[in-house]
Amino acid sequence: RTFIMPGHEARKKGVRVKLNTIKSEFKNKAVLLVDDSIVRGTTCSEIVQMARDAGAAKVFFSSAAPAVRYPNVYGINIPTKRELIAHGREEAEIAELIGADWVAYQELADLKAAVQDINPALRGCTFEASVFDGDYLTGDIGEDYFARDEEDRSRHGRGGGEINIVQIPRALSMKDRRPSMGNAQRVAYLGETQD
């Protein structure tokens, strides 16, 4: 995953190393590129540029995930909102920033419905989708949390786009590793349900 590499240049180089274009497949064509998600925009902007360099007439980009607009504080800690390309931006602006003619995201409601169709036992569950909707289930994450976190990162030199992994002791049971879910009765969490 290039989005977890430290530093913009390392992420950019990582994309170029892992992907190549076949010019005859792109030359003078309108192409639709699909990726699992768009986090910072580094990967997709490099892919879009590679398609254009190969001669694509138009480049459309689609994300299989909804727009990642908020930091994940329960696992991979994406340092700040400003590093998330979708935070505070509409699709047209994101398309311009990554160099695409158009960008589309999966709708969160459709994603939830698809998961519930595949696993009917999850109907009625609360989904932990905070990276998409900013609704943190523990109820204690807000603007003050992010301000303190960013100040702490600056003070301790942990800024600059690095990813910090929250480490959970292996001795704890899975139930003990999960954050408190506040008032939620059932929570879909990493493919499981928690009562």
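Is Y145 buried, partly exposed or exposed? With a relative accessible area of 23%, Y145 is partly exposed, where buried means under 20% relative accessible area, exposed over 50% and partly exposed in between (1.4 Å probe, protein chains only).

## Basis of the description

This is a predicted model, in which local features need pLDDT of at least 70 and side-chain atom pairs count only at pLDDT 80 or more, while totals for chains, interfaces and linings use all residues. Residues are numbered from 1 along each chain as its sequence is written, and side-chain values use heavy atoms, with hydrogens and water left out.

## Aromatic cluster

The structure holds 4 aromatic pairs; rings of Phe, Tyr and Trp (its six-membered ring) pair if their centres lie within 6.5 Å, and planes under 30 degrees apart count as stacked, over 60 as edge-to-face and the rest as tilted. One of these involves Y74 and Y136, whose ring centres are 6.1 Å apart with the planes at 70°, so the pair is edge-to-face. This pair links distant parts of the chain, since Y74 lies in the loop between strand 2 and strand 3 (76-77) and Y136 in the loop between helix 6 (130-133) and helix 7 (143-155), 62 residues apart; helices (H or I, at least four residues) and strands (E, at least two) are DSSP runs, numbered from the N terminus. Y74 is buried at 17% relative accessibility, and Y136 is buried at 6%.

Y145 and F146 also form an edge-to-face pair, at 5.4 Å centre to centre and with 85° between the planes. F146 is buried, with a relative accessible area of 12%, whereas Y145 is partly exposed. Y74, Y136, Y145 and F146 form one aromatic cluster.

## Helix 4

Within helix 4 (residues 91-98), the residues I94, A95 and I98 are buried. They cover an arc of only 105° around the axis (taken from the directions from the helix axis to the C-beta atoms), which puts them on the same side of helix 4. The face turned away from this buried side carries the exposed residues A92 and E96.

Cover for the buried residues of helix 4 includes helix 3 (42-53), strand 2 (58-63) and strand 4 (102-105). Just after helix 4, G99 takes a positive phi of about 85°.

## S63 in strand 2

S63, found in strand 2, counts as buried at 2% relative accessibility. A polar atom of the S63 side chain lies 2.8 Å from the backbone oxygen of A65. Leaving aside residues up to four places away in sequence, S63 touches D35, D36, S37, I38, A104, Y105 and Q106, contact meaning heavy atoms within 4.5 Å.

How values were computed
Polar contact = N/O pair within 3.5 Å; in protein donor to acceptor, adjacent residues only side chain to side chain.
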